[in-house]
Amino acid sequence: MSGSTSAIKDFSLLRGQVDSHATIIAIGGGKGGVGKSFVSSSLSIFLGHLGYKTLLVDLDLGAGNIHTCLGEGLPNLGINEFLKDPKLSLSDVATATRFPNLSIITGCSDVEDTANINEEQKSRLMSALYGYKTDFIVLDLSAGTHQSTLDFFLMAQRKLVVVTPEPSSIENAYRFMKGVFYRRLKRFEYQLHLENLVEGIMSDKSRWGIRSPADLLEVVSKQEPNNGERLKNVMDGLHFELILNQARSLRDNELGPQIKSVCLKYFGIPCHFLGHIEYDNAVWQSVRKKRPLVIEYPHSRLYAQVLAISRRIANARAKAAAL
Ligand SMILES: Nc1ncnc2c1ncn2[C@@H]1O[C@H](COP(=O)(O)OP(=O)(O)OP(=O)(O)O)[C@@H](O)[C@H]1O
Ligand SMILES: [Mg+2]
């Protein structure tokens, strides 16, 4: 318990000390095979095409396949070499691709996986990512809710959740968002000295009428008005952005806004729907051909859908830069 608490404290210090140069975008989703790597790689290609220097980082450390999604070879150096050798910088392990403005850091290895990365390695990697000079950093995360995955997701300014219309994927996406919510809560309840109160409330949820994370924040702020309100404000800063991938019917397209409203009701946190991407066999066919779909099929509907999402993300950075 004390070990994990001190680690959480370290990350918050780190966050306070280092200003991110790039806009960091994390792509998570809880479930395997929903299209996180497809979205990460397509989005990165488009951001590069739009003129933004982009670094795509494969953080699916045990089963990285981002190079395959891009149809690129596997370079000699990748994230695992960075993690093992403190003398290496991220620039040393980043490789230029044949796509304009796009570099990658691959994660393919059978030696390390996200679950094995230790706190020191994680802090060093996060610090290097915050310090890396580029426009966008896209983090392709692994499936599941391992603490490291949640921490990498939380370090990003833009937190994208990829979900498919299958009930199991939606269920996993909620579980993932819940995991992210409680991971962030844990970090700040410690800083605001609310951990005993939260622990007490959570150990007797029925007595306090807690049915959702939003209920918990309500009760905490009633019990501890000052710090409880601060905690609520901090949690309000947590925004999820949803992408519905592999949509097959018009009804599927309605799921995005539905998940968004459940999210608001359940977490009490606004969740933005970024857009849907249809199911198209051309996706895996293009991976087989080593020609990413967004290059091979520029007239497809998928191309337009992924480009629209990429533009929305790029425009937000352009607007922020203009302020
Ligand atoms: N919109 C789509 N239409 C058709 N096939 C898709 C679509 N999106 C992804 N796929 C296919 O689904 C499979 C899983 O995609 P991908 O590897 O991107 O998922 P993932 O979430 O990264 O999986 P993992 O959790 O294992 O890393 C791949 O074969 C990919 O080509
Ligand atoms: Mg993947």
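Biologist: In which sense do strand 6 and strand 7 pair, and over how many bridges?
Modeller: Parallel, over 4 bridges. Keep in mind that this is a predicted model.

Biologist: Which residue of strand 7 is the bridge partner of Val163?
Modeller: Leu244.

Biologist: And how do strand 7 and strand 8 pair?
Modeller: Strand 7, residues 240-247, pairs with strand 8 in the parallel sense. That pairing runs over 6 bridges.

Biologist: Which residues of strand 8 go with Phe240 and Ala247?
Modeller: Phe240 has Cys271 as its bridge partner. Ala247 stands opposite Glu278.

Biologist: Is strand 7 mostly covered or mostly open?
Modeller: Mostly covered. Of its 8 residues, 8 are buried.

Biologist: Zoom out. What is the strand order in the sheet?
Modeller: The order is 3-4-2-5-1-6-7-8. The sheet is open, has 8 strands and shows mixed pairing.

Biologist: Which strands stand at the edges?
Modeller: Strand 3, residues 95-96, and strand 8, residues 271-278. Each has a single partner strand, so one side of each lacks a neighbour in the sheet.

Biologist: Which strands does helix 7 touch?
Modeller: Helix 7, residues 147-155, packs on the sheet and touches strand 1 (23-28), strand 5 (136-140) and strand 6 (158-163). Its direction makes about 140° with that of strand 1.

Biologist: What about helix 7 and helix 8? Where do the axes sit?
Modeller: They come within 10 Å and cross at roughly 80°. Helix 8 covers residues 167-191. That angle makes helix 7 roughly perpendicular to helix 8.

Biologist: Which residues meet there?
Modeller: From helix 7, Gln147, Leu150, Asp151, Phe153 and Leu154. From helix 8, Gly179, Val180, Arg183 and Arg184.

Biologist: How many of those are nonpolar, polar or charged?
Modeller: The contact has 4 nonpolar, 2 polar and 3 charged residues.

Biologist: Take Ile25. What is it in contact with, leaving aside neighbours within four places in sequence?
Modeller: Phe136, Val138, Leu139, Ala156, Arg158, Leu160 and Ile313.

Biologist: New topic. Which residues have a positive phi although they are not glycines?
Modeller: His193 is one, with phi of about 55°. Lys290 is another, at about 60°.

Biologist: Where are they?
Modeller: His193 lies in the loop between helix 8 and helix 9 (195-202). Lys290 is in the loop between helix 15 (282-288) and helix 16 (293-296).

Biologist: Why does His193 count as exposed?
Modeller: Because it has 10 C-beta neighbours inside 10 Å, and 12 or fewer is the cut-off for exposed. Lys290 has 13 other C-beta atoms within 10 Å, so it is partly exposed.

Biologist: And Asn80, buried or exposed?
Modeller: Buried, with 23 other C-beta atoms within 10 Å. Asn80 lies in helix 4, residues 79-84.

Biologist: What separates Asn80 from Lys232?
Modeller: Their C-alpha atoms are separated by 37 Å. Along the chain they are 152 residues apart.

Biologist: Last one. Where does Ser127 lie?
Modeller: In helix 6, residues 119-131. Ser127 is partly exposed, with 15 other C-beta atoms within 10 Å.

Methods. Residues are numbered from 1 along each chain as its sequence is written. Chains are lettered from A and ligands numbered from 1 in the order in which they are written. This is a predicted model: local features need pLDDT of at least 70, side-chain atom pairs count only at pLDDT 80 or more; totals for chains, interfaces and linings use all residues. Two residues are in contact if their C-beta atoms, placed from the backbone, lie within 7 Å. Two strands pair if DSSP finds at least two bridges between them. Helices (H or I, at least four residues) and strands (E, at least two) are DSSP runs, numbered from the N terminus. Axes are lines fitted to C-alpha atoms, for helices over the stretch in contact, and angles run from 0 to 180 degrees between N-to-C directions. Angles under 35 degrees count as roughly parallel, over 145 as roughly antiparallel, 65 to 115 as roughly perpendicular and the rest as oblique. Ala, Val, Leu, Ile, Met, Phe, Trp, Tyr, Cys and Pro count as nonpolar, Asp, Glu, Lys and Arg as charged, and the others, Gly among them, as polar. A residue is buried if 20 or more other C-beta atoms lie within 10 Å of its own, exposed if 12 or fewer, and partly exposed in between; C-beta atoms are placed from the backbone.
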